[in-house]
Amino acid sequence: MLLISTSYVLTVDDCFSAEVELSLNSMVRMNECEYNRQSLIQLSPFSHQVGGHSTMLQYDKNTLCKVLDPPELYFYQSMPESLKKFTPEFRGKITVQYWEDELGYVKLVARPETSSSDDEHSSNEDHAPVTTDQQSIDNNARKLVQLRCSEDGHIDYSNSLGNDVVNYEQGKITMAKINPWSLELCKKQAEKLHQELIDAEYVAVSQKYILLENVTARFRHPSILDLKMGKRQYADIDSDEKRQSKIQKCELSTSSTLGVRLCGMQVYQVDSGRYIFTDKYRGRLLSVEGFRTALVEFFNNGRTKRLDVLPEIIDRLRTLYETINSLARYRFYSGSLLIVYDSSLQSDLIDVRMIDFAHSIHASTTDETSASNIHMGPDKGYLCGLEHLINIFKEIFNEGNTSTPANIN
């Protein structure tokens with residue numbers, strides 16, 4: 001019988017790092033097997049995750065891990081070339097293992113899949129225990145923030161070291177160095193892991209992930225806007241219950257009128273060195289005017305409004321519009337759009353990427369089913385969202401632009 005605890009490493013900016021230790025104070029019976037020694041990579045939660053419902057993990061500075069969803073994997077492997085410049089680069093698959101060392105700590109580690117034959121052996125390897133050099137891992141970060149789990153599996157922050165950590169509160173705007181939404185997802189992941197380790201008699205619990213480009217890697221202080229795109233969010237295969245839930249969310253938000261709603265946002269504040277965070281629950285409550293106000297605030301870094309980055313963002317959105325408009329029979333249901341700029345005053349870096357393709361589809365021209373017939377032409381719901389977004393950004397720029405006489409048409 002061993003005590004289970006989980007240790008995460010979380011890096012925030014160049015001068016701030018944190019290790020999030022999730023201690024799971026309960027007993028789990030372990031099966032007896034020998035440790036396999038192999039090259040492993042220690043993972044950490046992605047500190048700039050502003051949306052989504054499952055935690056993103058950082059593989060290295062330039063690469064992220066996301067739980068493998070077969071439809072999304074297929075989409076990344078088969079998407080048209082014209083779309084690839086607007087999506088994170090797909091970089092393969094890995095197996096992520098949650099395992100327990102001889103001291104009782106559970107580590108989150110990745111085992112890269114180096115060949116196609118790996119899948120043939122995955123069923124035997126999924127729960128194989130692994131080891132790694134704990135000293136080399138633990139020396140990479142300072143223990144600054146702790147998450148601790150009680151015996152009933154509930155996890156809470158333990159902020160005894162006085163770090164700038166804010167507890168997540170649904171729908172509330174917060175300011176901190178560490179994204180509370182990212183920490184909240186870590187808590188949920190730890191609770192899920194805690195239950196899996198109790199239910200199963202394994203030394204390690206494994207899960208398949210896909211590797212994606214970290215779009216924020218080249219930004220020093222990334223301000224990020226996560227937008228849910230389209231007027232329809234449910235997939236053809238969704239149950240009636242899930243379909244009605246998604247329809248209601250659209251009807252009660254700007255999705256129904258604008259084809260876009262706020263799903264998450266972080267804005268770096270130059271003077272304080274912290275981020276202002278907004279979650280998807282607040283985004284659902286915004287009116288059309290409230291949504292526009294949120295977009296204005298997205299460009300406010302606390303010292304000035306970075307309207308200088310808007311022309312390039314608008315140009316990229318227009319190019320994306322043309323690309324989507326050329327893709328017949330594609331639908332990007334429940335997909336999101338990331339807009340990123342660097343809040344550093346000396347930087348003009350921006351990026352615009354489509355993400356989340358688990359419900360995206362391409363109806364075959366040879367498929368005569370009713371589902372195929374309703375997916376004629378381009379995704380008009382997505383195009384509607386892009387059109388409104390472009391128009392709002394143009395208004396924000398033209399109204400606030402005082403440095404140059406030229407407006408954006």
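Predicted model: local features only at pLDDT ≥ 70, side-chain atom pairs only at ≥ 80, totals over all residues.
Colleague: Why is the pair Phe75 and Tyr330 called edge-to-face?

Modeller: A pair of aromatic rings is described by the distance of the centres and the angle of the planes. Rings of Phe, Tyr and Trp (its six-membered ring) pair if their centres lie within 6.5 Å; planes under 30 degrees apart are stacked, over 60 edge-to-face, and the rest tilted. By this rule there are 15 aromatic pairs. For Phe75 and Tyr330 the centres are 6.4 Å apart and the planes are at 85°, so edge-to-face it is.

Colleague: What does that pair tie together?

Modeller: Phe75 is in helix α1 (residues 70-78) and Tyr330 in strand β18 (residues 330-332), so the pair ties together parts 255 residues apart in sequence. Ring pairs also link Phe75, Tyr76, Phe90, Tyr330, Phe332, Phe357 and Tyr382 into a cluster.

Colleague: Are Phe75 and Tyr330 buried or exposed, and how do you know?

Modeller: The test is relative accessible area with a 1.4 Å probe, protein chains only: under 20% is buried, over 50% exposed, and in between partly exposed. Phe75 comes out at 5%, so it counts as buried. Tyr330 has 10%, so that one is buried too. Across the 409 residues of the protein, 55% count as buried.

Colleague: What about Phe298 and Tyr341: how are their rings arranged?

Modeller: Edge-to-face, with 5.1 Å centre to centre and 85° between the planes. Phe298 belongs to helix α8 (residues 288-298) and Tyr341 to strand β19 (residues 336-342), so this pair ties together parts 43 residues apart in sequence. Phe298 has a relative accessible area of 0%, so it's buried, and Tyr341, at 0%, is buried as well.

Colleague: What covers the buried residues of α8?

Modeller: Those residues are Gly290, Phe291, Arg292, Ala294, Leu295, Val296 and Phe298. Their cover includes β15, α6 (255-258), β16, β19 and α11.

Colleague: Why do you say β13 and β20 stand at the edges?

Modeller: The open sheet of 6 strands runs β13-β17-β16-β15-β19-β20, paired antiparallel. Each of β13 (174-176) and β20 (350-355) has a single partner strand, so one side of each is left without a neighbour in the sheet. Two strands pair if DSSP finds at least two bridges between them; β19 and β20 have 6, in the antiparallel sense. Along that pairing, Ser336 stands opposite Ile355 in β20.

Colleague: Which strands does helix α11 lie across?

Modeller: Helix α11 (residues 380-400) lies across β15 (222-229), β16 (260-269), β19 and β20, at about 25° to β19. The axes are lines fitted to C-alpha atoms, for helices over the stretch in contact, and angles run from 0 to 180 degrees between N-to-C directions.

Colleague: What makes you say the charged end of Arg232 sits over the ring of Tyr333?

Modeller: The rule wants NZ of Lys or CZ of Arg within 6 Å of the ring centre and within 35 degrees of the ring normal. Arg232 qualifies, with its charged end 4.0 Å from the centre of the Tyr333 ring.

Colleague: How many disulfides are there?

Modeller: A search of the whole structure finds 0, taking a disulfide as a pair of cysteine sulfur atoms within 2.5 Å.

Definitions and conventions. Residues numbered from 1 in each chain as written. Heavy atoms only, no water. Helix = DSSP H or I, 4+ residues; strand = E, 2+ residues; numbered from the N terminus. Contact = heavy atoms within 4.5 Å.
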